[in-house]
Amino acid sequence: MKSVSLFLALGLGAAIVVASSCGGKKPAQTAPTPNADSAAAADKARQDSIDAANAAAAAEAERLRRQREADSLAALSAAAGEVRNMLASMIHFDLDKSNIRSDDMGALDQKVAILQANPDLRIRIGGHCDERGSDEYNLALGNRRAQSAKQYLVSHGIDAGRIETQSWGEEKPLVDGHDESAWSQNRRAEFEVVSGGDNLRRP
Amino acid sequence: MLPRTGMGLDSVRAIVGRDLDFSDRFEIITLPAGDSIRLAGTGTPSSTRSSSTRRSGGTGGAGGAGGAQSTTALNYPLYQALGADFALDVTAAGDTTVLTLHDIAASGIRRTVRAQLPKSGDPSFRMAVHRLADQALQAALGAPGIAATRVLFVRDGKVYRIDEDGADQQLVSSTDRQAMSPAWGADGRHFAYMEFQAGKGWLYLQEMATGKRTAMSTTGTALDFTPAFSPDGQTLAFSRATEDGTDLYTINVKNNCCLRRLTVGRFSDNLSPTFSPDGQRIAFVSTRPGLPQIYVMAADGTDQQLFAPFDYGVTGASNAPEWSPDGQSVAFHRDVAGTLQVFVLDVRTRTVRQLTSVGRNEDPTWAPDSRHLAFVSDRSGYRQLWIIDLETGRIRPLLQQSGERLPAWSPRLSEASSSNP
């Protein structure tokens, strides 16, 4: 609204300001005389009505803009949540392995796109293991897994400085249980937002 | 034999008797009278003789002042006839506890030890009694015992300590953060451990008596884990995981400074260091052959080579090495058919032998006598700590709870090193 008014004052109003100052303070009394002053007054009146119309249009435009903004904020928020979920999706590993499985590359490519679309986003990758290996060796293995995921992102163009890593070994199982189903879910890398994750944009 | 943990329930006699039993150097048989115990040899080289303990009224009273006198009147021929080599008297004379070791074959007293024990409710009482038991063992066999020792372990992310006989369990972790890998300092007064904090692994040094803890120099920048003290206590070796993988480092403990890198793995991980008792070498785990196996190097990181032999493509992953206090062996665990078993490497011949086969067995730690190992086993159906004697093969649970892991057996604890806060 304000920007619209300001635009009119500066553009169309330049001549009016000059006319007003020439016409003195009583333009209505001079109206019958078809002189320059009354022409200026007529111009002024016409201009006022244009201003009013413009103001009304601007108000409507503003209302629509706010509506659109509200709609798109809701959409953005929904998109941010969706993006956040995509970012948090885990990847998994084979027993005692840290290489990226081909069925996880799609999920990692998605994370690459998200990181590219959100340049302020910083993430942390946590590497985890199942309970079968040695407790302490699993800290090294979990580290390998986190590094392996990080390397994939970096090799696809993401700045290494945006990605922290950590290893939890087998200390934080996702699923309690002592069978292959639990183990395979626990051999994983998790992705969490460190900063810049407030209004995530869709890639 | 299971420990009773209540101070009032466990007399000096019972503790000493159990300590001698747990030394696995005697065979103890209760005589029909029930008040005396006979010890027969276990067939080990160091104790081919049989031994016997006789106990007179340990709770004071009538036995009191006359105790020492009456023990000299021991019926040696009777004990000889029973096949005993030693008899042990534990008596009370006022506030002094008198321990008398009789040499049955020589028909005389081998040694008498007098001690003023703390009251039975005192936190230092049990350790004082354990030291008495070790003195009896030393007098009988000329070898130091392991009764006055403790084991650190992890349960639910916290560090606990427990006496070697399974009594007096105490929490020693000072925060709620998840901890791993406790390791004793050589003096028994300190221990180091790793704690997860803000996505990193921090190494801390803690005084046992006061609980005062110090973050080690340069820790908190990466994932530091598996600390191990050099025998002189001056150096702490540990594993550090970075984006280059996991490698071994040392720092100077005394000045808490001077980080030094020992391995450069690049495409392999190097972890879990353990010093030889002369401090000259470090055994460790390396993944350079593909699977983790046991390697050794000079303490400065040079001369890295395979330590425990394995068959490429056949032998499973090997981890968690610990060098024995006598320097002759390295205990570790190895994956055998999908589960873990404890192995011992003979350092001189570089041959390995499998020690366990029932259930999953892992993370062995040596007693200071280099013949007992504590380890984690699920042989009873759940994971708990067990102790095995390598000479006799005798095995016992350290405590009847589940979820314990990563045990670390202390050195022999002197009076100063075992004091409580």
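# Reading chain B: a tutorial dialogue

Author: Let's begin with contacts: among those in chain B between residues at least 6 apart in sequence, 44% join residues at least 24 apart. Two residues are in contact if their C-beta atoms, placed from the backbone, lie within 7 Å. This is a predicted model, in which local features need pLDDT of at least 70, side-chain atom pairs count only at pLDDT 80 or more, and totals for chains, interfaces and linings use all residues. Residues are numbered from 1 along each chain as its sequence is written, while chains are lettered from A and ligands numbered from 1 in the order in which they are written.

Reader: How many helices and strands does chain B have?

Author: Helices (H or I, at least four residues) and strands (E, at least two) are DSSP runs, numbered from the N terminus. Chain B has 4 helices and 30 strands.

Reader: What share of the residues in chain B is buried?

Author: A residue is buried if 20 or more other C-beta atoms lie within 10 Å of its own, exposed if 12 or fewer, and partly exposed in between; these C-beta atoms, too, are placed from the backbone. In chain B, 50% of the 421 residues are buried.

Reader: Why is strand S4 of chain B said to be largely enclosed?

Author: Strand S4 (residues 86-93) is largely enclosed by the rest of the structure because 7 of its 8 residues are buried.

Reader: Which strand is joined to S4(B), and by how many bridges?

Author: Two strands pair if DSSP finds at least two bridges between them. Here 8 bridges join S4(B) to the antiparallel strand S5 (residues 96-103) of chain B. Across this pair, B:Leu88 stands opposite B:Leu101. The hairpin has 2 residues between the strands, and B:Gly94 in it takes a positive phi near 65°.

Reader: Where in chain B does a residue other than glycine have a positive phi?

Author: Most residues other than glycine have a negative phi. B:Ser272 has a positive phi near 55° and lies in strand S18 of chain B. With 30 C-beta neighbours inside 10 Å, B:Ser272 is buried. Another case is B:Asp24, whose phi is about 60°. B:Asp24 sits in the loop between helix H1 (12-22) and strand S1 (27-30) of chain B, and is buried, with 24 other C-beta atoms within 10 Å.

Reader: In what order do the strands of the open sheet run?

Author: The order of its 4 strands is S9-S8-S7-S30 in chain B, with antiparallel pairing. S9 (170-171) and S30 are the edge strands, each pairing on one side only. Strands S7 (residues 150-155) and S8 (residues 158-163) share 6 bridges, and B:Phe153 has B:Tyr160 in S8(B) as its bridge partner.

Reader: Into which domains is chain B divided?

Author: Domain bounds come from an automatic or database domain assignment. That assignment gives domain 1 (7-141) and domain 2 (150-409). In chain B, 8 residues of domain 1 are in contact with 8 residues of domain 2. On the domain 1 side, H1 and helix H4 (125-141) each give two or more residues, and H1(B) has the largest share, 3 residues.

Reader: How many residues does each chain bring to the contact between chains A and B?

Author: Chain B brings 23 residues and chain A brings 16 residues. On the chain B side, S14(B) gives the most, with 3 residues. By class, that side has 8 nonpolar, 10 polar and 5 charged residues. Ala, Val, Leu, Ile, Met, Phe, Trp, Tyr, Cys and Pro count as nonpolar, Asp, Glu, Lys and Arg as charged, and the others, Gly among them, as polar.
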